Amino acid sequence: MKEIDAETISQAVARLAVQACCQLPDDVLEALARAGKEEASPTGRAILEQLIDNAALARAENMPICQDTGLAVIFAHVGQDVRIVGGDFESAIHEGVRRGYTQGYLRKSCVAEPLFERKNTGDNTPAVIHTKIVPGDTLRLRLAPKGAGSENKSLLKMLVPADGLEGVRRVVLEAVRIAGPSACPPLVVGVGIGGTMEVAALCAKRAAARDIESHNADPRYAALEEDLLDMVNKTGIGPQGFGGLVTALKVHVEWAPTHIASLPVAVNINCHAARHAEVEL
């Protein structure tokens with residue numbers, strides 16, 4: 001049994017919060033650079049160059065890539081042979097987010113209650129935590145800040161099996177068209193298929209937070225990712241909505257078993273700054 005101290009978790013999460021908000025992952029930068037070579041629109045190319053320059057400046061100055069540093073979404077893979085000592089697991093994550101967002105001077109965007117008072121919690125807690133218990137004795141944490149500009153364009157449709165592949169395509173296309181320039185394209189689009197209502201949404205969120213160069217392990221779904229990307233880029237929305245060939249950098253698909261009478265489809269969109277950072281303890 002491997003012991004991991006709660007304080008170690010808090011320190012790691014605090015570092016991840018600042019890193020994710022200030023340092024765009026290399027694979028995303030490379031995707032933006034490739035997009036600049038593929039984009040036919042002079043305006044689109046200029047925008048992509050500005051996005052790359054902004055990311056480079058943020059990294060050099062250790063400043064946020066975007067003023068909306070989002071809610072802190074944590075994907076935790078907890079080895080079944082790990083024992084958390086010195087505190088409880090979720091409190092340790094919340095403490096890490098609190099430190100990262102306050103000490104790192106990141107914008108605090110979390111309100112404690114969603115409808116009536118909407119009072120800011122002042123430290124961007126609580127985090128949004130998705131935990132999986134997995135084999136092994138390691139703890140892997142991925143922090144993906146999720147801003148409202150892209151998150152507000154999420155979409156969930158409860159299709160039926162007869163809707164099939166074309167139904168999935170329609171839902172993705174609808175989400176991208178509704179998002180338009182508001183989600184700061186070129187996008188990274190996460191698509192969740194199957195499960196129940198909430199499982200499809202979680203699949204979409206996991207898909208949106210994947211490394212940009214990753215592919216679904218199932219070749220059928222990997223092919224679907226490429227098909228959906230081609231479809232999205234044919235919309236002509238382009239970088240920042242000014243028109244062009246590159247509306248999305250990538251489409252990722254995750255799926256889950258579902259009911260014989262159901263075909264849930266969820267779409268979760270990331271802006272061009274597909275922010276995430278990961279650590280293994």
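**View 1. The largest cavity and the residues around it.** Strand E5 (139-146) supplies the largest share of the lining of the largest cavity, namely 3 residues. Here helices (H or I, at least four residues) and strands (E, at least two) are DSSP runs, numbered from the N terminus. The model is predicted, so that local features need pLDDT of at least 70 and side-chain atom pairs count only at pLDDT 80 or more, while totals for chains, interfaces and linings use all residues. Residues are numbered from 1 along each chain as its sequence is written, and side-chain values use heavy atoms, with hydrogens and water left out. On a 1 Å grid over the protein atoms alone, a cavity is a set of points where a 1.4 Å probe fits but cannot get out, a pocket is an open set with protein on both sides within 12 Å along at least five of seven lines, and lining residues have an atom within 4 Å of a point. The count comes to 1 cavity of 30 Å³ or more, and the largest cavity holds about 30 Å³ of space, a volume being the space filled by probe spheres set on grid points that are joined across faces, edges and corners. Its lining is made of Ala144, Pro145, Lys146, Lys205, Ala208, Ala209, Asn268 and Asn270, and the elements that give two or more residues to it are E5, H7 and E9. By class, this lining has 4 nonpolar, 2 polar and 2 charged residues, where Ala, Val, Leu, Ile, Met, Phe, Trp, Tyr, Cys and Pro count as nonpolar, Asp, Glu, Lys and Arg as charged, and the others, Gly among them, as polar.

View 2. Strand E7 (residues 187-194) runs parallel to E8, with 8 bridges between them, and valine 188 stands opposite lysine 250 in E8. Contact means heavy atoms within 4.5 Å, and the axes are lines fitted to C-alpha atoms, for helices over the stretch in contact, with angles that run from 0 to 180 degrees between N-to-C directions.

**View 3. The open sheet with the order E4-E2-E5-E10.** This sheet has 4 strands, and its pairing is mixed. E4 and strand E10 (277-280) stand at the edges with a single partner strand each, so one side of each is left without a neighbour in the sheet. From one strand to the next the twist averages 15 degrees. E2 and E4 run parallel and are joined by 7 bridges, and the bridge partner of histidine 77 is lysine 132 in E4. Helix H4 (residues 89-103) packs on the sheet, touching E2, E4 and E5, and its direction makes about 140 degrees with that of E2. H7 lies across E2, E4 and E5 and runs at about 95 degrees to E2.

**View 4. The largest pocket.** Its volume is about 540 Å³, and it is lined by 29 residues, of which Leu71, Lys146, Glu151, Asn152 and Lys205 lie nearest its centre. Strand E2 (71-79), strand E4 (128-134), helix H5 (148-151), E6, H7 and E9 are the elements that give two or more residues to the lining, and H7 provides the largest share, 4 residues. By class, the lining has 15 nonpolar, 7 polar and 7 charged residues.

**View 5. The second largest pocket.** This pocket has a volume of about 330 Å³, and of the 14 residues that line it, Phe75, His77, Arg140, Arg206 and Arg210 are the closest to its centre. H7 gives the most to this lining, with 4 residues, and the lining divides into 5 nonpolar, 1 polar and 8 charged residues.

Technical notes: Two strands pair if DSSP finds at least two bridges between them.
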